[in-house]
Structures are given as structure tokens and as C-alpha cells.
Amino acid sequence: MTTVGEMMQHPEVTPFYDEETGTFSYVVKDPSSADCAIIDSVLNFNYASGAVSYTSADEIVSFIKDKRLTPKLHIETHVHADHLSAAPYLQKHLGGKTAIDKHIVEIQEEFGHFFNEGTEFQRDGSQFDLLFEDNQIYSIGGLECMALHTPGHTPACMTPVIGYVAFVGDTLFCPVYF
């Protein structure tokens, strides 16, 4: 088994801050290739009007196109209640696969009941391309990565460790109980 110490590579990390939600999104690039991952992207949503916009996501699209990067993964560290994910939008415009912790199915089950969604709402994680297991090893270009299941804020929080960098998302927030 690979240890975190053996994964001490130096990814290139570019943060993007969405002031309205207080959310950081990241583009994490393999320094030896054009391969990258996008972590916790933001789809702008105006709660008062219900309008969706793509300002934050388009900033990432521009950056990736300007740098000629190749997104391999759109990683969610958890289900976001403070903002909507732009991963499907970015996937459509840039390619790559969506990924989240496999415990998303527990959250989907709770949300399905809470919002009285019936059988139309899939509760099997099929909205994502990859469901990470705890300690699963994967790569982004030449960067070795590990998915760590870190429940806390939600039962499906995950910390992607990419090279020597750990992206904790909202793992340090107080737990949410359903």
C-alpha cells in the first residue's frame, strides 16, 4: 500500500475564490503534464430570484483554456449546501469525469426523503462517474493521489490528497445531522 509520505509530489495549485459563497475552488495541475483536476467548483445561484449564472465556472474555463490544461477529474469534497456544483457545466465544456466519496448514497437517501422526491430521484450515486472508496489511490497525470473518507460536516466528506496537498473542503465544519 502506498503511504502519504510516498506521494510527496508538488502539484501546481491555483485557487479561485467565490466571494458570495465564501468558497474556494481549485485547479490542481500535474507539473509534468497538462493534466489537472478541478476541486469544489461553484455554480452561481441567486437565492432571491432563483437565477443561475456561470461567472465562477467561466473563470475556471478561461484559466484552463488559456493554460491549455486537460481536466481529468471534477472532484467534490462533499455535497454542498452553501452553493451548487458547477462540475456538470465544466464537464460539458472541458471534459473529464466527476468524482465524490461513495458515501454520497447515504446523503442522497436522506435528501430524497427530506425533499419527498419519490422514485424519480436516483439514490445510487449514478450522477457521478466515480465513487471513491476510502484510501483509494488514483492519479492525475504523474501525480499520485489518495481519497480519504473524512466524515464530519457530512457523512460523505472526502479529503483528496494530491501529491503533498490535502484539500479538506468543509471537513472542519461542525457535523450536520439528518
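**Helix pair**

I looked up α1 and α2 and found that they cross in a right-handed way (the near helix is turned clockwise from the far one by less than a right angle). This is a predicted model, where local features need pLDDT of at least 70, side-chain atom pairs count only at pLDDT 80 or more, and totals for chains, interfaces and linings use all residues. Residues are numbered from 1 along each chain as its sequence is written, and side-chain values use heavy atoms, with hydrogens and water left out.

Helix α1 spans residues 55–67 and α2 spans 87–94 (helices are DSSP runs of H or I, at least four residues; strands are E, at least two; both are numbered from the N terminus). Their axes come within 10 Å and cross at roughly 30 degrees (axes are lines fitted to C-alpha atoms over the stretch in contact, with angles from 0 to 180 degrees between N-to-C directions). I noted α1 as roughly parallel to α2 because of that angle (under 35 degrees counts as roughly parallel).

Next I listed the contacts (heavy atoms within 4.5 Å). From α1, Ala57, Asp58, Ile60, Val61, Ile64 and Lys65 meet Tyr89, Leu90, His93 and Leu94 of α2.

**Cores**

I then checked the largest nonpolar core, which has 16 residues (buried Ala, Val, Leu, Ile, Met, Phe, Trp, Tyr and Cys joined through side-chain atoms within 4.5 Å; buried means under 20% relative accessible area with a 1.4 Å probe, protein chains only). Among those with the most contacts inside this core are Leu73 and Phe132. Strand β11 gives the largest share, 3 residues. A second, separate core of 15 residues includes Phe16, Leu43, Ala57 and Leu90.

Technical notes. Buried < 20%, exposed > 50% of the residue type's maximum accessible area, 1.4 Å probe, protein only. Parallel < 35°, antiparallel > 145°, perpendicular 65-115°, else oblique.
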